[in-house]
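Keep the picture in view and try each task before you look at the solution.

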Amino acid sequence: MALLLAYLALLLFSMHFRFTVFLYDWVPQFMTALTVGAIGGLWYAWISIPQLRMENKPYGYILQPFYYGVCFFGLLGWMYHDYVAYFFHDKNVSYVTEYKFVFPGPSYGKYSRCDIGLKIKDKTLGQWITICSSSEELNYCRQKGMDKIHVVEQVSRYGVRLNKAEC
């Protein structure tokens with residue numbers, strides 16, 4: 001039970017990564033999730049064999065624990081690179097770059113989204129990234145007439161963790 005609660009807490013914590021961690025394009029998230037999920041599924045199926053034999057179930061029932069293991073460990077494998085980028089950074093980078101506001105902002109999920117999105121030209125990744133912003137920040141940046149934004153981020157080998165972006 002404690003392992004399940006720790007797993008759920010880890011998944012809830014990883015929801016924080018959505019607007020702070022951005023990965024390079026070459027990062028193999030799907031293959032990592034598939035590999036970790038398959039290894040975890042095989043392990044869970046292997047430890048389920050004695051229980052299935054005790055209940056006199058045919059070996060076809062081994063697919064169910066394998067599927068559960070793939071789902072359980074595959075989610076952790078999917079977030080592996082995000083965890084590494086969040087916790088194990090190599091260096092801190094600070095620079096000034098261009099930005100623009102987009103309406104509406106990025107999605108929070110199925111039914112909600114930010115009012116305003118802040119699009120930043122990230123120099124480390126070489127692409128535009130969008131983070132959630134507020135109308136107060138929009139008014140502050142527009143009043144100053146600034147066309148650049150100051151970005152502080154931590155760079156790892158898989159991506160960047162955005163610490164702050166301010167006008």
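Predicted model: local features only at pLDDT ≥ 70, side-chain atom pairs only at ≥ 80, totals over all residues.

**Exercise 1. A hairpin and its strands**

In the hairpin of E3 and E4, which residue takes a positive phi?

Solution. Residues are numbered from 1 along each chain as its sequence is written, and side-chain values use heavy atoms, with hydrogens and water left out.

Step 1: Find the elements. Helices (H or I, at least four residues) and strands (E, at least two) are DSSP runs, numbered from the N terminus. Strand E3 covers residues 116–122, and strand E4 covers residues 127–133.

Step 2: Look between the strands. The hairpin has 4 residues there, and Gly-126 takes a positive phi near 75 degrees.

Step 3: Check the pairing. Two strands pair if DSSP finds at least two bridges between them. E3 and E4 run antiparallel and are joined by 7 bridges. Gly-117 stands opposite Cys-132 in E4, while Ile-120 stands opposite Ile-129 in E4.

**Exercise 2. The partners of E2**

Over how many bridges does E2 pair with E3, and over how many with E5?

Solution. Step 1: Start with E3. Strand E2 (residues 91–102) pairs with E3 in the antiparallel sense over 4 bridges. Here Phe-101 has Leu-118 in E3 as its bridge partner.

Step 1: Turn to E5. The pairing of E2 and E5 is also antiparallel, over 8 bridges. In this pairing, Glu-98 stands opposite Lys-148 in E5.

**Exercise 3. Covered or open?**

Is Lys-121 buried, partly exposed or exposed?

Solution. Step 1: Recall the cut-offs. Buried means under 20% relative accessible area, exposed means over 50%, and partly exposed lies in between (1.4 Å probe, protein chains only).

Step 1: Lys-121 lies in strand E3, a mostly covered strand in which 5 of the 7 residues are buried.

Step 2: Apply the cut-offs. Lys-121 is partly exposed because its relative accessible area is 28%.

Step 3: Look at its surroundings. Contact means heavy atoms within 4.5 Å. Not counting residues up to four places away in sequence, Lys-121 touches several residues, among them Thr-97, Glu-98 and Gly-126. Lys-121 and Thr-97 are 24 residues apart in sequence, yet 6.2 Å apart in space, C-alpha to C-alpha.

**Exercise 4. Around Gln-154**

With which side chain does the side chain of Gln-154 make a polar contact?

Solution. Step 1: Locate Gln-154 in strand E5 (residues 148–155). Gln-154 counts as buried because its relative accessibility is 10%.

Step 1: Know the term. A polar contact is a pair of N or O atoms within 3.5 Å; within protein, one must be able to donate a hydrogen and the other to accept it, and residues adjacent in sequence count only if both atoms are side-chain atoms.

Step 2: Name the partner. The side chain of His-89 makes this contact, at 3.5 Å.

Step 3: Widen the view. Leaving aside neighbours within four places in sequence, Gln-154 is in contact with residues including Tyr-86, Val-160 and Arg-161. Thr-20, in the loop between helix H1 (2–14) and strand E1 (21–23), touches Tyr-86, Val-160, Arg-161 and Leu-162, not counting residues up to four places away in sequence. Thr-20 counts as buried because its relative accessibility is 15%.
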